[in-house]
Amino acid sequence: MKKIFIGFSATIILAAMFAFTTVTSWKIADGYSIVFATNGVSGIFKNISGNILFDDQSLAASKFDIAIDINTINTGNGMQNKHAKSAEWFDAAKYPAIKFTSTKIVKAGAGYAATGLLQAHGISKEVSLPFTFKKTTTGALFEGNFNINRNDFKIGAAGGEVGDVIKVTVSLPVIK
Amino acid sequence: MYKKLLLLGAVSGLLSAIASIIYQKVYAASLGENFALIVKPFNIIVINIISGLIAGTGFWLLNKWLRNNTEIVFNLLFAVLSFASIVPAFGFRLPVTIETPELFPGLVVPMHFFPALAWLTLKPLFVKTYQPYQKVFA
């Protein structure tokens with residue numbers, strides 16, 4: 001009887017622990033936007049995919065694994081789009097995606113910060129991306145504004161007409 | 001002379017606008033994109049008529065200065081300016097909501113040559129210019 005009780009208790013405790021560490025898996029919903037802007041050029045990436053595990057009560061178990069399709073870049077100008085995908089800039093044929101995989105998510109002020117590896121143009125660099133998380137009627141919304149220096153990833157030649165620091169604005173509605 | 005040139009400019013501008021609108025419809029039917037938010041029929045008509053009126057005024061001014069060589073210089077200028085006007089079309093930045101900006105030059109570049117084409121087509125009906133060979137063979 002004692003053994004049964006201990007076994008039962010252990011099962012309850014393990015189940016409770018599992019329940020506390022389960023993190024919500026979110027699917028990216030329609031209506032997302034990834035906008036970038038710098039001197040001389042601005043535009044959007046039309047396609048983003050990936051896995052999002054996030055729970056504001058369980059940041060340690062939360063994780064982002066996101067990929068942005070370079071071939072969906074749209075600057076509003078056909079020639080500029082082609083140029084951006086060329087070997088001189090993103091080299092989309094060789095490096096078709098910008099990837100971000102978080103290693104740590106922490107609370108930062110009113111929002112959060114996801115630290116992880118940002119991979120672009122074949123170069124990986126650790127970055128910390130601030131973001132906010134709001135629950136909505138249909139799911140939730142992640143929003144982030146941050147700057148990326150394109151020279152860190154050797155995207156295009158430094159200087160020139162296009163600014164080095166790219167301002168990125170991400171709005172990511174998600175559903176369960 | 002000036003009134004005839006202005007009339008020629010207005011009519012050739014209208015003809016050019018009609019050609020542009022027809023071309024836009026054919027383009028949309030074949031490629032599925034008409035850029036209607038950017039290239040509006042009303043704007044096409046206004047711009048074409050204004051360019052026709054400018055051409056008429058330009059011809060009149062050139063004729064005051066060059067006399068017999070007006071036709072040659074004017075046609076050359078009209079062709080060169082039409083050609084130069086396509087450059088901004090390639091650099092034009094569309095709203096990012098438009099999925100296929102690479103199709104934009106294919107729509108507007110031919111349109112830039114329609115005013116010159118309409119002018120050259122209609123000019124003999126409005127203005128009889130001096131032809132040197134008429135004197136030679138008279």
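Reader: In which loop of chain A is A:Arg150 found?

Author: A:Arg150 lies in the loop between strand 10 (140-149) and strand 11 (165-175) of chain A. Helices here are DSSP runs of H or I with at least four residues, strands are runs of E with at least two, and both are numbered from the N terminus. The structure is a predicted model, in which local features need pLDDT of at least 70 and side-chain atom pairs count only at pLDDT 80 or more, while totals for chains, interfaces and linings use all residues. Residues are numbered from 1 along each chain as its sequence is written, and chains are lettered from A and ligands numbered from 1 in the order in which they are written.

Reader: Why does A:Arg150 count as buried?

Author: A residue is buried if 20 or more other C-beta atoms, placed from the backbone, lie within 10 Å of its own, exposed if 12 or fewer, and partly exposed in between. A:Arg150 has 21 C-beta neighbours inside 10 Å and therefore counts as buried. Of the 176 residues in chain A, 22% are buried.

Reader: Which residues are in contact with A:Arg150, leaving aside its neighbours within four places in sequence?

Author: They are A:Ile155, A:Gly156, A:Asp164 and A:Ile166. Two residues are in contact if their C-beta atoms, placed from the backbone, lie within 7 Å.

Reader: What makes a set of residues a nonpolar core, and which residues have the most contacts inside the largest one?

Author: Such a core is a set of buried Ala, Val, Leu, Ile, Met, Phe, Trp, Tyr and Cys residues joined through C-beta atoms within 7 Å. The largest has 26 residues, and those with the most contacts inside it are A:Ile52, A:Ile68, A:Ile70, A:Ile98, A:Ala114, A:Ala120 and A:Val174. Strand 5 (63-69), strand 7 (97-108), strand 8 (111-120) and strand 11 of chain A each supply at least two of its residues; strand 8 of chain A gives the most, with 4 residues. A second, separate core of 16 residues includes B:Tyr27, B:Phe74, B:Phe78 and B:Ala116.

Reader: Which residues of helix 6 of chain B are buried, and what covers them?

Author: B:Phe114, B:Pro115, B:Ala116, B:Ala118 and B:Trp119 are buried in that helix. Their cover includes helix 1 (2-31), helix 2 (41-66), helix 3 (70-84) and helix 5 of chain B.

Reader: What span is expected of helix 6 of chain B, and where does this helix bend?

Author: The expected span is 1.5 Å times one less than the number of residues. Helix 6 (residues 114-126) of chain B has 13 residues and reaches 18 Å from its first C-alpha to its last, close to the expected 18 Å. This helix bends by about 30 degrees at B:Leu120, with B:Pro124 following within four residues. The bend is the angle between axes fitted to the seven residues ending at a residue and the seven starting there.

Reader: How many residues of chain B are in contact with chain A?

Author: There are 11, touching 8 residues of chain A. Helix 4 (87-91) and helix 5 (104-111) of chain B are the elements giving two or more residues to that side.

Reader: What is the confidence in chain B, and where does pLDDT stay under 50?

Author: pLDDT is the predictor's confidence in each residue, from 0 to 100. Chain B has a mean of 90, and 93% of its residues reach 70 or more. Over residues 133-138 of chain B the value stays under 50, and the model has 0 contacts beyond four places in sequence for them. The model scores ipTM 0.74 and pTM 0.79.
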